[in-house]
Amino acid sequence: MSRVLQAALLRDNIMIKFKKNKLLSIVALLLAGTCMSCQNGPYGKHIEEDLKTTNIIEDNYRNYYEIFVRSFYDTNGDGIGDLQGVIQKLDYIKDMGFNGIWLMPINKGSSYHKYDVVDYYAVDSQFGTMDDLEELIEECHKRDIKLILDLVLNHSSSANSWFSKAKKAHAKELKLQELTEEENKFKDFYSFYSNKPSGITTYETTVDGMKFYYEANFSSGMPEFNCDSQAVKDEFKNIMKFYLDKGLDGFRLDAVLYYYYGNHAKNVEFLSLLNQWAKEVNPNAYIVGECWDSAQVIEQYYESGVDSFFNFTTSVNNPSSPIINSLNQEGKMLNRYYDGLLNNISMAKGHIPAPFLDNHDMPRYTSPVNLDTTKFKYALLSMMNGSTYTYYGDEIGMVGSNTGSNADQNVRISMPWGDVDNLGDCTMIAGVIGDVEYPHGTVEEQLKDKNSLYNFYKKCLLIRNQNPEIARGEVSLVKMDREDTKCLFIKKTYGGSEIGIIFNFSPTENLKVDYLSEGFSKVVGQIVVDNETYIGLQNDKSIMLPPYSIAIVK
């Protein structure tokens with residue numbers, strides 16, 4: 001064999017050994033790295049999760065998504081959101097984990113917000129038709145989504161034909177003239193006064209030479225109904241039946257404190273009637289009321305039998321919110337969250353609590369800069385009992401303050417979908433102040449980002465839908481250590497099933513927890529604000545929770 005050939009074979013042999021050794025080294029490094037991340041890394045071994053299965057129970061405990069149709073999705077190119085737009089986005093809503101929708105008013109109204117109703121039996125033409133509503137109800141039910149409508153029964157628009165008929169009939173009665181059957185119906189349809197009363201807001205009007213006052217607590221264009229009138233009661237009963245017969249699942253009752261302003265007892269009595277009328281048509285009809293007051297007053301209103309009243313104590317508008325306050329001082333206030341969990345349940349007196357963070361009447365809770373805090377606030381909401389309510393756009397971090405003039409418009413801005421050619425995007429409502437920014441991106445951008453706020457919402461709702469105990473369970477305390485470990489460990493028991501929920505309230509520190517000694521055997525779900533971290537199993541079978549995280553154990 002020639003020296004040249006020998007040299008060539010030697011060189012090839014060396015290269016083969018080198019490549020083989022290099023490959024073995026790479027494999028060894030990969031295995032070592034995997035081992036480190038599984039056993040010796042900061043969080044330990046990854047825990048497998050079921051990210052598909054849900055356990056939805058057919059009852060009125062739901063995850064509700066509040067939609068302002070005007071700013072949601074436009075299908076006909078006029079810049080105004082419509083009911084067909086809601087239909088087109090039902091799969092988006094369903095996929096996120098919501099199984100209930102609350103539509104803000106869609107009846108024909110005088111203003112952009114439609115809380116001043118001109119016709120209770122018509123859909124505002126800006127939003128579509130009654131056929132569109134019927135289609136929306138049908139499409140919701142195909143997806144096991146319940147649909148409730150905002151029903152404004154304390155006042156109407158001054159442009160409602162009922163108001164003009166009522167003023168004329170009332171003036172005629174003041175003149176002691178004989179009234180027709182229709183005039184007798186309308187003479188006291190609204191709250192009229194011969195002399196200006198105190199304690200309520202009234203406006204003067206003159207009809208056919210007769211001067212009198214009408215009650216209007218929100219504006220002169222929103223006269224208050226007289227809920228003592230039998231004709232009013234009959235009309236309200238008809239309105240509820242009209243929509244329930246179409247398959248609607250219930251109502252959100254606006255401003256229930258104003259049926260009889262300042263008289264809680266009469267308001268509760270009237271709410272009992274509304275609840276009764278709805279249940280006569282559909283025993284499973286769901287009603288949630290807006291009783292913007294203290295926990296003590298809200299508790300009193302549950303005596304009406306109404307299914308839910310919004311828990312305003314959990315909202316960002318409340319400076320004592322258990323969700324907001326529990327995040328203060330490096331987790332040392334986590335007891336406030338636990339107290340809030342219990343109060344949320346006790347307030348409802350055996351009914352369905354309705355906690356929420358924000359809505360169309362208050363500033364959005366999203367921080368434009370601190371996404372971790374924003375995420376953890378929603379995680380804390382998602383662990384509360386009852387039916388949670390989420391305002392459209394919060395899932396992508398829309399911002400807006402309701403301070404100053406035109407406050408309502410600033411918290412009802414358009415949803416940025418990020419579709420090609422801005423398809424579906426709505427124009428801004430007149431009166432929005434300042435430049436509108438979306439600090440965390442469009443829907444399309446966040447769908448693609450595994451660490452986005454949208455995907456965090458989706459995970460929270462998945463965990464909630466997988467574990468019926470979260471919404472319905474009886475709560476008991478396992479452990480609360482706010483000084484050292486920032487740990488809150490609770491149990492929720494429902495229908496013979498028990499889960500544990502472990503919270504790490506610290507924004508900076510890891511938390512090691514032994515859950516086996518408490519009778520639980522496995523981790524079935526985890527919520528972490530940063531997807532670069534995870535809740536991991538340690539060599540001693542305890543678990544490590546990263547900052548701002550929640551573990552679900554069974």
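Which residue in β21 does isoleucine 502 stand opposite? I looked this up before anything else. Isoleucine 502 stands opposite alanine 551 in β21.

**Ground rules**

I am working with a predicted model, where local features need pLDDT of at least 70, side-chain atom pairs count only at pLDDT 80 or more, and totals for chains, interfaces and linings use all residues. Residues are numbered from 1 along each chain as its sequence is written, and side-chain values use heavy atoms, with hydrogens and water left out.

**Entry: strands around β16**

I took helices (H or I, at least four residues) and strands (E, at least two) as DSSP runs, numbered from the N terminus. I counted two strands as paired if DSSP finds at least two bridges between them. Strands of a sheet pair through backbone hydrogen bonds, either parallel or antiparallel.

I followed β16 to strand β21 (residues 549-553) and found antiparallel pairing over 5 bridges. I then turned to β15, which runs antiparallel to β16 and is joined to it by 8 bridges. There, threonine 493 has glutamate 498 in β16 as its bridge partner. The hairpin of β15 and β16 has 2 residues between the strands. In that hairpin, glycine 495 takes a positive phi near 55 degrees.

Is β16 mostly covered or mostly uncovered? I found it mostly covered, with 6 of its 8 residues buried. Buried means under 20% relative accessible area, exposed over 50%, and partly exposed in between (1.4 Å probe, protein chains only).

**Entry: a sheet of 3 strands**

I read the strand order as β17-β20-β19, in an open sheet with antiparallel pairing. β17 and β19 (536-537) stand at the edges with a single partner strand each, so one side of each has no neighbour in the sheet. β19 pairs with strand β20 (residues 543-545) over 2 bridges. Leucine 537 stands opposite isoleucine 543 in β20.

**Entry: salt bridges**

A salt bridge is a side-chain nitrogen of Lys or Arg within 4 Å of a carboxyl oxygen of Asp or Glu. How many did I get by this rule? The count comes to 28 salt bridges.

I checked glutamate 173 and lysine 187, whose side chains meet at 3.3 Å, N to O. Glutamate 173 is in helix α5 (residues 161-174) and lysine 187 is in the loop between α6 (181-186) and β6 (192-193), so this pair ties together parts 14 residues apart in sequence. Glutamate 173 is partly exposed at 30%, and lysine 187 is partly exposed at 22%.

I checked glutamate 290 and arginine 252 too, with their closest N and O atoms 3.4 Å apart. This pair links distant parts of the chain, 38 residues apart. Glutamate 290 is buried at 7% relative accessibility, and arginine 252 is buried at 0%.

My next pair was lysine 486 and glutamate 509, at 3.8 Å, N to O. These two tie together parts that are 23 residues apart in sequence. Lysine 486 is buried at 5%, whereas glutamate 509 is partly exposed at 36%. I also noted a network: Asp91, Glu139, Lys142 and Arg143 are joined by salt bridges that share partners.

**Entry: cysteines**

I looked for disulfides (a pair of cysteine sulfur atoms within 2.5 Å). The search of the whole structure finds 0. For cysteine 227, the nearest cysteine sulfur belongs to cysteine 291, 15 Å away. Cysteine 227 is buried at 2% relative accessibility.

Cysteine 426 is buried at 10% relative accessibility.
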